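Subject: Handover of a structure and findings

Dear colleague,

Please find below the structure that I am handing over to you. My findings follow directly after it.

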Amino acid sequence: MVYPTLTDPSHMPANADDGTNALHLIKRLWRDHVLRHWPLLLAAAVLMTVEGAALGGFAWFIRPLFDDLFSAETLDGVAWVAFAIAGLFILRAAAGFMQRLMVVSVGLRVTNALQLRLARHLLGLDMRFFHDNSPGALIERVRGDTGALQNLASGAVMSLGRDTIAVISLLTVMVLNDWRWTLLALVGVPILVAPILGLQRIIRNTAHASRITASRISTQLDEMFHGIQAIKLNRLETHETRRFGDRLREYLRHAFRSQIGMAANPALIDMIAAAGFVAVLYYGGAKIATGEKTVGEFMSFFTALGLIFEPLRRLSNIVGQAQAAVASLDRLYTVLDMRPTIVSPAVPKMPRAGLIEFDNVHFTYGDMPVLRGLNFTAQEGQTTALVGPSGAGKTTVFSLLTRLIDPVSGQVTIAGDPIGALDLDTLRHMVAVVGQDTALFDDTIAQNIRLGQLDATDAEVEAAAENASVLEFTQNLALGLETPVGPRGSSLSGGQRQRVAIARAMVKSAPILLLDEPTSALDARSEKLVQDALARLAQGRTTLVIAHRLSTIRDADKIVVLDQGRVIEQGTHNDLIAADGAYARLNALQIAGVKTAI
């Protein structure tokens, strides 16, 4: 499966201008994550109705205030009107406070559920997806898009419920006072439809572009902070700052265009409001002068008219906010709709230890061939070493054996069973890997060891730590095995990180062990400790080791020499030296101290 690159500007939402697609996305979100919170949403809707209707009530109470009290030139009865209006505002305040809490609570829960779902889904995708998409882009997709969706959706939901009721209640007051005035005041509203629809198209496209640019910003920050040593050593601070500034300016351009569209919506409403006020003032004033309408009716109508345009302005913004939210929603469901291709078969076999065989295996990365008919076997319980120049396919062998990737043709078998027919989780459980780059997580040493077997007891973790020579350095630490390793194991040395990784493999106790030259970057003392630990780990296991220094594999049961994705030699160290072929030449060069790219 070919995964799209998430920061590719050509990846725009399907049917970006199609309202049907937007409605489909919103329905999916409602069905998947929002509907379960219906009791809270129902209570919030009731409170929104109270909050919105309070404005209509206030406008209506203006009429008796002028007609029955002020015109009579007496303060009798003012108190009950004043208390009624004050009660309306207190009720509105309480309803607004409670409904905001409810809507925000639902928004946060939906956001958290989306983030958890995205993280779980992403972890299940094939390795090819992670080769094509940077960590920064994925972080922005999980955190940035869901956060943007939550902020926009919460505001839109509150405005839609409260302001729709407010508009209806105020419109009712206006009609009850005079339906002709109402038509006159709002006659220009239909004129806004076409401009607002055009603005929504701009808002959605620019919002989507700004989210893509935000992903690029996150990607660049991720690269900068992970590559800080190279930046400092090569004096690239100014260069990287300039690149980052370019990204920020690109984001600013898209975000500003989106804000222009959102700002234009209420501006259009205000223009229509101005025309409506002028028309009603002249027409209504004439009616009062002739005695056809009372001052109270006019003031009640004029109050409702003055109040109605503010919720209308907010409602006009909802469409723009919804377009921006749909852009984020489209990006989220683009990821959620991706499916892994490397999965367990419908009726899987359970893996069992045995002979490992690569039978005429071909594999390509894109259009680049890596393995070209690879054939070799690794006997159960023995150590098989893989050597060869960079790009010969050694690491690809490990990825195929653990089904991080699948071959284009040919097959890999364990105990005669094709690994594609095996249960994927069980297959990976029976393989332990120790590589050059040790993946440690920001937790304690003990917990990093326990990642090999999550239900391992403290005694099993300590035994693995002892066998891997981890206790040799933790005994000098105040917290021992409970010492935090820091982000990416930054508080440990390279040799210490490798020993923790070996302890993790030991606690896993897998029958197949894959070693990707874990001592290549270590000093002599650390290398000796790690080599001793690896020797203990490999006992009784089927071990495949990628070797860059031939001196480390002299005692291997079999050495397989690869070149351009094929086996060109295989045998023991002594056999290959006697054959005086490629391996013998590489060995002679390394003995002579010549660096070789294998």
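The notes below go from the whole chain to individual elements and residues.

This is a predicted model, in which local features need pLDDT of at least 70 and side-chain atom pairs count only at pLDDT 80 or more, whereas totals for chains, interfaces and linings use all residues. Residues are numbered from 1 along each chain as its sequence is written, and side-chain values use heavy atoms, with hydrogens and water left out.

Overall composition

The protein chain contains 19 helices and 10 strands. Helices (H or I, at least four residues) and strands (E, at least two) are DSSP runs, numbered from the N terminus. Of its 598 residues, 48% count as buried. Here buried means under 20% relative accessible area, exposed means over 50%, and partly exposed lies in between (1.4 Å probe, protein chains only). Accessible areas come from the Shrake-Rupley method with a 1.4 Å probe; for residues, only the protein chains shown count as cover. Among contacts in the protein chain with a separation of 6 or more, 80% are between residues 24 or more positions apart; contact means heavy atoms within 4.5 Å.

Salt bridges

Side chains of opposite charge can pair when their charged atoms come close. The structure holds 16 salt bridges, each defined as a side-chain nitrogen of Lys or Arg within 4 Å of a carboxyl oxygen of Asp or Glu. One of them joins D32 and R31, at 3.8 Å from N to O. D32 counts as buried because its relative accessibility is 18%, whereas R31, at 53%, counts as exposed. R31 and D32 also belong to a network of salt bridges that includes R117.

Two further pairs lie within helices. In helix α5 (residues 135–177), D145 and R141 are 4 residues apart, about one turn of the helix. Their closest N and O atoms are 3.3 Å apart in a salt bridge, and both residues are buried. In helix α9 (residues 237–289), E250 and R247 are 3 residues apart, again about one turn, and their side chains meet in a salt bridge of 3.6 Å, N to O. E250 is buried, with a relative accessible area of 16%, while R247 is partly exposed at 28%.

Nonpolar surface patch

W30, L35, W38, L42 and V46 form a nonpolar patch on the surface, with about 530 Å² of accessible area together. Patches are made of residues with over 30% relative accessible area and no salt bridge, with like charges joined within 9 Å and nonpolar side chains (Val, Leu, Ile, Met, Phe, Trp, Tyr) within 5 Å. Helix α2 (residues 38–70) contributes the largest share of the patch, 3 residues. L35 sits in the loop between α1 (19–34) and α2 and is partly exposed, with a relative accessible area of 39%.

A buried loop residue

D178 lies in the loop between α5 and α6 (179–186). At 7% relative accessibility, D178 counts as buried. Leaving aside neighbours within four places in sequence, D178 is in contact with K293 and F301. D178 and K293 are 115 residues apart in sequence, yet their C-alpha atoms are 9.0 Å apart in space.

Helix α14

In helix α14 (residues 458–467), V461, A464 and A465 are buried. Seen down the axis of α14, these buried residues fall within an arc of 100°, so they line one face of the helix; the arc is that of the directions from the helix axis to the C-beta atoms. A459 and E466, on the other side of α14, are exposed. The cover over the buried residues includes α13 (445–450), α15 (471–474) and α16 (494–508). Just after α14, S469 takes a positive phi of about 65°.

Strands of a sheet pair through backbone hydrogen bonds, either parallel or antiparallel. In this structure, 4 strands form an open sheet in the order β2-β1-β4-β5, with antiparallel pairing. β2 (368–378) and β5 (417–418) stand at the edges with a single partner strand each, so one side of each is left without a neighbour in the sheet. Two strands pair if DSSP finds at least two bridges between them. Strand β1 (residues 356–365) and strand β4 (residues 409–414) pair in the antiparallel sense over 5 bridges, and H362 stands opposite S409 in β4.

Yours sincerely
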